[in-house]
Amino acid sequence: MSESRLSTRFTELVGIDHPVVQGGMMWVGRAELAAAVSEAGGLGIITALTQPTPADLALEIERTRKLTEKPFGVNLTILPSINPPPYDEYRRAIVDSGVTIVETAGSSPEPHMEFFAEHGVTVIHKCTSVRHAVKAQKVGVAAVSIDGFECAGHPGEDDVPGLVLVPAAADALTIPFIASGGFADGRGLAAALVLGADGVNMGTRFLCSQESPVAESVKEQIVANSELDTNLIFRPLRNTARVAKNTVSDEVVRILEEGGTFPDVQSLVAGARGRLVFEEGDLEAGIWSTGLCQGLIHDVPPAGEIVTRIVAEAQEVLTRAVGRFG
């Protein structure tokens with residue numbers, strides 16, 4: 001495999017070797033996984049709200065530092081809530097720990113930009129549409145991660161897949177951006193770069209790695225699943241989420257399609273039940289996120305190997321394309 005760097009505007013921005021980012025997944029973005037990705041030359045991401053308190057986040061950042069001296073980031077997902085987490089305290093824990101790369105997601109990053117700018121933090125904002133990416137650029141983020149319809153979790157309500165979304169974003173943005181949703185191998189990375197992105201963000205592929213802190217049965221199910229084995233839940237509520245197809249998500253889809261409302265499915269989609277899937281390996285305990293790219297995943301390698309393999313394959317694909325058409 002090639003050991004050469006694959007440099008883009010994004011790798012130069014955040015000081016990494018390869019344009020491969022590990023998505024900030026709830027319950028999954030912990031020290032071992034983030035450090036393994038960063039150590040291989042990608043960008044690992046710790047998920048702030050996976051940690052129960054800001055103090056715990058500071059400890060997780062310190063654990064990551066003991067595993068790698070290379071750059072890594074922290075995901076801070078900001079969502080409307082009746083009882084919101086202490087976002088300001090999490091934000092303070094990030095900067096007090098010396099982290100200089102933050103991935104924001106959910107609500108607009110604008111209320112947090114002044115604080116992060118004062119502390120020299122590079123902000124990457126995750127969004128699902130070109131219009132939101134342009135707005136994020138206007139409020140001063142350094143880069144954007146843009147999610148296509150293929151992604152796990154919330155793809156937005158526009159249903160635009162990456163083959164259109166990525167070049168549309170390239171036409172509209174001047175800052176670096178990375179493509180997310182549907183990427184699991186070097187062919188995808190090569191395609192994203194050709195379409196105008198500066199790298200890729202992968203969640204499901206790293207969920208299915210040796211360092212991923214989820215039950216082995218979850219990883220085995222991802223390998224067994226095809227691209228057809230997901231459900232889109234909450235469509236009638238205009239809060240679409242892509243999750244693994246199981247008896248629970250089938251039931252959620254059925255209830256809402258028959259006119260049910262959120263209270264009718266609330267117990268089925270409780271976050272505590274989804275966490276049980278990851279921690280105990282009961283695949284029918286609740287809903288859990290996985291993307292269409294699970295149909296391209298056939299093994300459970302170390303996270304670092306995923307990075308180096310994908311980069312080497314992308315370089316080979318691009319070189320072969322030049323040979324065929326150049």
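This report describes helix packing and nonpolar cores in a predicted model.

Residues are numbered from 1 along each chain as its sequence is written, and side-chain values use heavy atoms, with hydrogens and water left out. Local features need pLDDT of at least 70 and side-chain atom pairs count only at pLDDT 80 or more, whereas totals for chains, interfaces and linings use all residues.

**Helix packing**

Two packed helices are described by the angle between their axes and the distance between the axes. Helices (H or I, at least four residues) and strands (E, at least two) are DSSP runs, numbered from the N terminus. Axes are lines fitted to C-alpha atoms, for helices over the stretch in contact, with angles from 0 to 180 degrees between N-to-C directions.

| Helix pair | Axes come within | Crossing angle |
|---|---|---|
| H3 (residues 54–67) and H4 (residues 87–96) | 9 Å | roughly 25° |
| H2 (residues 31–39) and H3 | 9 Å | roughly 40° |

H3 and H4 are therefore roughly parallel to each other, and H2 and H3 are therefore oblique. In these terms, angles under 35 degrees count as roughly parallel, over 145 as roughly antiparallel, 65 to 115 as roughly perpendicular and the rest as oblique.

The contact of H3 with H4 (heavy atoms within 4.5 Å) brings Pro54, Leu57 and Ile61 of H3 against Glu89, Tyr90, Ala93 and Ile94 of H4. The residues of this contact comprise 6 nonpolar, no polar and 1 charged. Ala31, Glu32, Ala35 and Glu39 of H2 meet Glu60, Arg63, Thr64 and Leu67 of H3; here the classes are 3 nonpolar, 1 polar and 4 charged.

**Nonpolar cores**

A nonpolar core is a set of buried Ala, Val, Leu, Ile, Met, Phe, Trp, Tyr and Cys residues joined through side-chain atoms within 4.5 Å; buried means under 20% relative accessible area (1.4 Å probe, protein chains only). The largest nonpolar core has 74 residues, of which Leu57, Val144, Leu189, Phe206 and Val218 touch the most other members. Helix H14 (residues 303–325) gives the most to this core, with 7 residues. Leaving aside neighbours within four places in sequence, Phe206 is in contact with residues including Val20, Met25, Leu33, Ser212 and Ile306. A second, separate core of 13 residues includes Ile233, Val248, Ile255 and Val265.

**Helix H5**

In helix H5 (residues 110–118), His112, Met113, Phe115 and Phe116 are buried. The buried residues of H5 pack against H4 and strands S3 (72–78), S4 (101–106) and S5 (122–127). Just after H5, Gly120 takes a positive phi of about 65°.

Terms used
Nonpolar A, V, L, I, M, F, W, Y, C, P; charged D, E, K, R; others polar. Buried < 20%, exposed > 50% of the residue type's maximum accessible area, 1.4 Å probe, protein only.
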